[in-house]
Amino acid sequence: MATSLERALSLIADVPDYPKPGILFKDITPLLADGEGFSIVIDELARKISAITPKVEAIVGIESRGFILGGALAKALGIGFITVRKPGKLPRDVHRKDYQLEYGFDALEMHKDLIDPTSNVVIVDDVLATGGTALACHELVEYTGAKTLAHIFLLEITFLQGRTLINKTHPEVEIISLLRT
Ligand code: AMP
């Protein structure tokens with residue numbers, strides 16, 4: 001019989017050819033809409049973050065699904081939430097990191113003054129695909145002087161080898177995902 005965590009993760013829907021032909025989109029909205037499922041995955045991720053040493057002092061969440069998971073995790077753990085957004089959305093002084101996508105470029109920004117430079121953080125997003133987004137966010141955190149202890153995802157698409165990309169430059173960082181497909 002499936003455990004309640006397995007049931008929760010089975011709510012993630014596969015959407016073929018979205019947003020482009022050939023992409024299998026992992027849609028977490030049915031999981032978020034299920035009160036018990038959402039609660040179980042947040043509890044499980046919070047348990048994994050609590051087991052990290054040294055202690056995690058802030059959650060860094062990547063726009064936009066990383067906000068939903070990261071906000072709930074920060075509340076569950078009683079620690080702060082740091083917002084990382086697409087360019088032009090944050091109103092004060094930012095650090096910016098440009099990075100390459102499969103086709104083209106993107107960038108992430110974070111307010112300069114939010115992270116204590118001596119702190120230990122984890123970075124949260126819903127899906128690890130090629131790893132480019134997570135790596136860019138890692139570098140943004142590095143600009144502040146803070147240390148990323150772990151990257152946390154609900155789901156990892158293994159054939160895209162995001163884990164390998166992150167570990168190439170940051171072999172010490174932990175990469176945690178609840179489901180690998
Ligand atoms: P990447 O930089 O390739 O690791 O892509 C990660 C970002 O794109 C995350 O913010 C994901 O939410 C999103 N993403 C990439 N591929 C998928 C996918 N197949 N299904 C859902 N989200 C994806």
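The model is a predicted one.

In R65, a polar side-chain atom lies 2.7 Å from a ligand oxygen atom. T130 also takes part through its side chain, where an N or O atom is 2.5 Å from an oxygen atom of the ligand. A129 contributes its backbone instead: a polar backbone atom of A129 is 3.0 Å from an oxygen atom of the ligand. The protein buries 82% of the 480 Å² that the ligand exposes when taken alone.

The ligand sits in the largest pocket. About 1,100 Å³ of space lies in this pocket. Its lining counts 34 residues, and I23, F25, A129, T130 and T133 are the closest to the centre. A129 has the backbone atom placed 3.0 Å from a ligand oxygen atom.

Four elements each give at least two residues to the lining of the largest pocket: strand 2, strand 5 (94–100), strand 7 and helix 5. Strand 7 supplies the largest share, with 4 residues. By class, the lining of the largest pocket has 17 nonpolar, 8 polar and 9 charged residues.

The second largest pocket has a volume of about 150 Å³. Its lining is made of 12 residues. Y99, Q100, T130, G132 and L165 lie nearest the centre of this pocket. T130 is likewise among the residues closest to the centre of the largest pocket. Strand 5 and helix 5 each provide at least two lining residues of the second largest pocket. Both elements also each supply at least two residues to the lining of the largest pocket. The lining of the second largest pocket divides into 5 nonpolar, 3 polar and 4 charged residues.

A cis peptide bond joins Y18 to P19, with omega at about -5 degrees. D17 is in the loop between strand 1 and strand 2 as well. D17 is not a glycine, yet its phi is positive, at about 60 degrees.

Another cis peptide bond runs from T53 to P54, and its omega is near -10 degrees. P54 is found in the loop between helix 3 (35–50) and strand 3 (58–62). Q161 has a positive phi of about 60 degrees, although Q161 is not a glycine. The place of Q161 is in the loop between strand 8 (147–156) and helix 6 (162–169).

Terms used
Residues are numbered from 1 along each chain as its sequence is written. This is a predicted model: local features need pLDDT of at least 70, side-chain atom pairs count only at pLDDT 80 or more; totals for chains, interfaces and linings use all residues. Side-chain values use heavy atoms; hydrogens and water are left out. A polar contact is a pair of N or O atoms within 3.5 Å; within protein, one must be able to donate a hydrogen and the other to accept it, and residues adjacent in sequence count only if both atoms are side-chain atoms. Accessible areas come from the Shrake-Rupley method with a 1.4 Å probe; for residues, only the protein chains shown count as cover. On a 1 Å grid over the protein atoms alone, a cavity is a set of points where a 1.4 Å probe fits but cannot get out, and a pocket is an open set with protein on both sides within 12 Å along at least five of seven lines; lining residues have an atom within 4 Å of a point. A molecule sits in a cavity or pocket if more than half of its atoms lie within 2 Å of its grid points. Grid points are joined across faces, edges and corners, and a volume is the space filled by probe spheres set on the points. Ala, Val, Leu, Ile, Met, Phe, Trp, Tyr, Cys and Pro count as nonpolar, Asp, Glu, Lys and Arg as charged, and the others, Gly among them, as polar.
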